Amino acid sequence: MIICGFIGEREVGKTTLVSKYFRHQEITQYNPTIAVEVSYSSYVSDEGTVLRVKCWDTSGENKYKNMVCYHLKEAQIIVLMFDLTNSASTHMFYCIGFNKIDEWVARLKTEKANPKVLCLVGNKIDVVKINTN
């Protein structure tokens with residue numbers, strides 16, 4: 001079984017992404033994740049191998065951050081998400097959660113999390129207004 005954890009600041013879209021691709025559900029109302037929610041899914045590779053995935057959708061609330069990283073020690077894949085939307089700027093460095101990436105990585109190191117894959121994902125591109133001037 002592959003263990004995949006989603007981490008990042010609150011409201012960056014972790015639960016929406018997990019719900020869509022792991023639970024095959026659309027989110028119609030936002031409810032913040034409390035600590036960790038676990039989902040299971042299976043996928044068939046091009047070669048016909050069945051891959052079972054355990055997905056940890058984690059809270060971005062400050063009070064859960066250390067606990068979340070502690071539990072991700074077993075994860076082979078960690079997806080660190082940030083929100084591309086921001087009304088004040090179109091620059092990535094001002095995106096919600098982007099300035100916290102170093103803190104999340106430091107927490108993972110402190111808790112001895114050592115995923116084989118660490119992905120950085122900018123989310124909500126579908127709602128970003130790009131200034132073309």
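**Sheet**

I began with the sheet, which is open, has five strands in the order E2-E3-E1-E4-E5 and shows mixed pairing. Here two strands pair if DSSP finds at least two bridges between them. I noted E2 and strand E5 (117-123) as the edge strands, since each pairs on one side only. Neighbouring strands of this sheet are turned by 25° against each other on average, direction ignored. Before going on I recorded that this is a predicted model, in which local features need pLDDT of at least 70, side-chain atom pairs count only at pLDDT 80 or more, and totals for chains, interfaces and linings use all residues. Residues are numbered from 1 along each chain as its sequence is written, and side-chain values use heavy atoms, with hydrogens and water left out.

I then looked at E1 and strand E3 (residues 50-58), which run parallel and are joined by five bridges. In this pairing I found Phe-6 opposite Asp-57 in E3.

**Elements**

I counted three helices and five strands in the protein. Helices (H or I, at least four residues) and strands (E, at least two) are DSSP runs, numbered from the N terminus. Along the sequence I read the pattern β-α-β-β-α-β-α-β.

Next I looked up helix H3 (residues 101-110), which lies across E1, strand E4 (77-83) and E5 and runs at about 160° to E4. For such angles, axes are lines fitted to C-alpha atoms, for helices over the stretch in contact, and angles run from 0 to 180 degrees between N-to-C directions.

**Aromatic rings**

I searched for ring pairs and got two aromatic pairs. The rule takes rings of Phe, Tyr and Trp (its six-membered ring) as a pair if their centres lie within 6.5 Å; planes under 30 degrees apart count as stacked, over 60 as edge-to-face and the rest as tilted. Phe-6 and Phe-22 have ring centres 5.8 Å apart and planes at 80°, so I logged this pair as edge-to-face. Phe-6 lies in strand E1 (residues 2-8) and Phe-22 in the loop between helix H1 (14-21) and strand E2 (36-44), so the pair ties together parts that are 16 residues apart in sequence.

I checked burial as well: Phe-6 is buried at 5% relative accessibility, and Phe-22 is buried at 12%. Buried means under 20% relative accessible area, exposed over 50%, and partly exposed in between (1.4 Å probe, protein chains only).

For Phe-22 and Tyr-43 I found ring centres 6.3 Å apart and planes at 90°, so this pair is edge-to-face. Phe-22 is in the loop between H1 and E2 and Tyr-43 is in strand E2, so the pair ties together parts that are 21 residues apart in sequence. Tyr-43 is partly exposed, at 29% relative accessible area. I wrote down Phe-6, Phe-22 and Tyr-43 as a cluster linked by ring pairs.

**Thr-33**

I found Thr-33 in the loop between H1 and E2, and Thr-33 counts as buried at 8% relative accessibility. Leaving aside neighbours within four places in sequence, I listed Thr-15, Asp-57, Thr-58 and Ser-59 as being in contact with Thr-33. Contact means heavy atoms within 4.5 Å.

**Totals**

I noted that buried residues make up 38% of the 133 residues in the protein. Of the contacts with a separation of 6 or more, 65% are between residues 24 or more positions apart.
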